[in-house]
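Good morning, and thank you for coming. I would like to walk you through one protein chain, from its overall layout to its details. Please look at the display as I speak.

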Amino acid sequence: MTARESYYKPKSISIAGVTFKIHYKPINDYGLCDIDKKLITIRDSLSNQETLETILHESLHACLAVSGLSYLINNEDTEEALIRCIDSLYIPIVKNQLARYKKNITKN
Ligand SMILES: [Zn+2]
């Protein structure tokens, strides 16, 4: 990647007022969320698009933990299924609606 190309690598994210640091490392998983350390780790070789999607995914794990809902779910597979549903079904709706919103708002 040349100096002119941009990276999408935010260093932190705020979730309900709780700051999670974001580190980029050569890991096998796309991403990891360590609730106790308030740390999200993202595989450093991902594309910008994959990095964005993985940060959104790991942020959902953090949201469930910070809100306490992880304790109600109390099952990693169930939590992962819920988050993948949101990733695959809900987030595309949000992206599409935001794009349409911005397009319409700038016309006025
Ligand atoms: Zn996950």
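The protein chain has a mean pLDDT of 93, and 94% of its residues reach 70 or more; pLDDT is the predictor's confidence in each residue, from 0 to 100. This is a predicted model, in which local features need pLDDT of at least 70, side-chain atom pairs count only at pLDDT 80 or more, and totals for chains, interfaces and linings use all residues. Residues are numbered from 1 along each chain as its sequence is written.

Let us turn to the layout. The protein chain contains 3 helices and 4 strands, and from the N terminus their order is β-β-β-β-α-α-α. Helices (H or I, at least four residues) and strands (E, at least two) are DSSP runs, numbered from the N terminus.

I begin with the strands. Two strands pair if DSSP finds at least two bridges between them. Strand 1, residues 12-15, and strand 2, residues 18-25, are antiparallel partners over 4 bridges; here Ser-14 has Thr-19 of strand 2 as its bridge partner. The hairpin of these two strands has 2 residues between them, and Ala-16 there takes a positive phi near 55°. Strand 2 also pairs with strand 4, residues 39-43, this time in the parallel sense over 5 bridges.

Which residues make up the largest nonpolar core? The 6 residues are Phe-20, Ile-40, Ile-42, Ile-55, Ala-62 and Ala-65. Strand 4 and helix 1 (48-67) each give two or more residues to this core, and helix 1 provides the largest share, 3 residues. A nonpolar core is a set of buried Ala, Val, Leu, Ile, Met, Phe, Trp, Tyr and Cys residues joined through C-beta atoms within 7 Å. A residue is buried if 20 or more other C-beta atoms lie within 10 Å of its own, exposed if 12 or fewer, and partly exposed in between, with C-beta atoms placed from the backbone. In the protein chain, buried residues make up 14% of the 108 residues.

Finally, consider helix 3, residues 76-107. Is helix 3 buried or largely in the open? Of its 32 residues, the number buried is 0, so helix 3 lies largely in the open. Helix 3 also bends by about 35° at Tyr-90, with the proline Pro-92 following within four residues; the bend is the angle between axes fitted to the seven residues ending at a residue and the seven starting there.

Methods:
The expected span of a helix is 1.5 Å times one less than its number of residues.
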